[in-house]
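I opened a new model today and kept short notes. Here is what I looked up, in order.

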Amino acid sequence: MTAPSTFGLSSEARNLHWLLTNLVEEVPGILSVAVVSSDGLLLLSSDPGRNAEAREAREERPTGPKGSAADLATIVSGIGSLTIGAAKLMDGGTVKQTMVAMDEGSLFVMSISDGSLLGVHGSPDCDMSVVAYHMALFVGRAGHVLTPELRIELRKSLETESTGSVR
């Protein structure tokens, strides 16, 4: 996780950290994950170094978009915005999931709640259906707890960590 400790966080925030860690560690082929608020701010992200497969893959090729959780959050936010706009133009209703298959990996974006998004960067050999299934489980478990108050708490936690402040 980007936050090395969940000390001082609410039980809901700790639970969300646990769910994200579990997603990364249990699903083969996931390189990095980001949870992004409706306004494009990073709320929570994985640490690709915690995933053994990602560590092995890093030796052969880069593991993420320039290796930064903020970069993944930017990409997830942009793709989310683009697909929402496309759905409106096509009268397609709500966007539930977007998948991008590339030569060197995959990108998945799934709606969580209130405009928040879950983004996953997968390895080239990941099983896209397995990743999508586990993302849907994460969304089902996290969607009801990702309240505006929790989003504020997660954002403040990331800001505190990035400035090196101690709580």
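**Entry 1: the chain.** I noted that this is a predicted model. I counted elements and found 5 helices and 5 strands in the protein chain. Reading from the N terminus, I wrote down the order α-β-β-α-α-β-β-β-α-α. I then checked burial: 44% of the 167 residues are buried. For contacts with a separation of 6 or more, 60% are between residues 24 or more positions apart.

**Entry 2: helix H1.** I checked the length of H1. Its 16 residues should span 22 Å at 1.5 Å a residue, and the end C-alpha atoms are 22 Å apart, so the two values agree. I listed the buried residues of H1; among them are Ala 13, His 17, Thr 21 and Val 24. Leu 16, Leu 19, Leu 20 and Leu 23 are on that list too.

**Entry 3: H1 against H4.** How do the axes of H1 and H4 cross? I read a crossing angle of roughly 175°, with the axes coming within 11 Å. Angles over 145 degrees count as roughly antiparallel, so H1 is roughly antiparallel to H4. H1 makes the contact with Leu 16, Leu 19, Leu 20 and Leu 23, and H4 with His 134, Met 135, Phe 138, Arg 141 and Ala 142. I sorted them by class: 7 nonpolar, 1 polar and 1 charged.

**Entry 4: Ser 123.** I found Ser 123 in the loop between strand S5 (117-122) and helix H4 (128-142). Is Ser 123 buried or exposed? Its relative accessibility is 1%, and under 20% means buried, so Ser 123 counts as buried. I also noted a polar contact of 2.7 Å between the side chains of Ser 123 and Asp 125.

Key. Residues numbered from 1 in each chain as written. Predicted model: local features only at pLDDT ≥ 70, side-chain atom pairs only at ≥ 80, totals over all residues. Heavy atoms only, no water. Helix = DSSP H or I, 4+ residues; strand = E, 2+ residues; numbered from the N terminus. Buried < 20%, exposed > 50% of the residue type's maximum accessible area, 1.4 Å probe, protein only. Polar contact = N/O pair within 3.5 Å; in protein donor to acceptor, adjacent residues only side chain to side chain. Axes fitted to C-alpha atoms, helices over the stretch in contact; angles between N-to-C directions. Parallel < 35°, antiparallel > 145°, perpendicular 65-115°, else oblique. Contact = heavy atoms within 4.5 Å. Nonpolar A, V, L, I, M, F, W, Y, C, P; charged D, E, K, R; others polar. Expected span 1.5 Å × (residues − 1).
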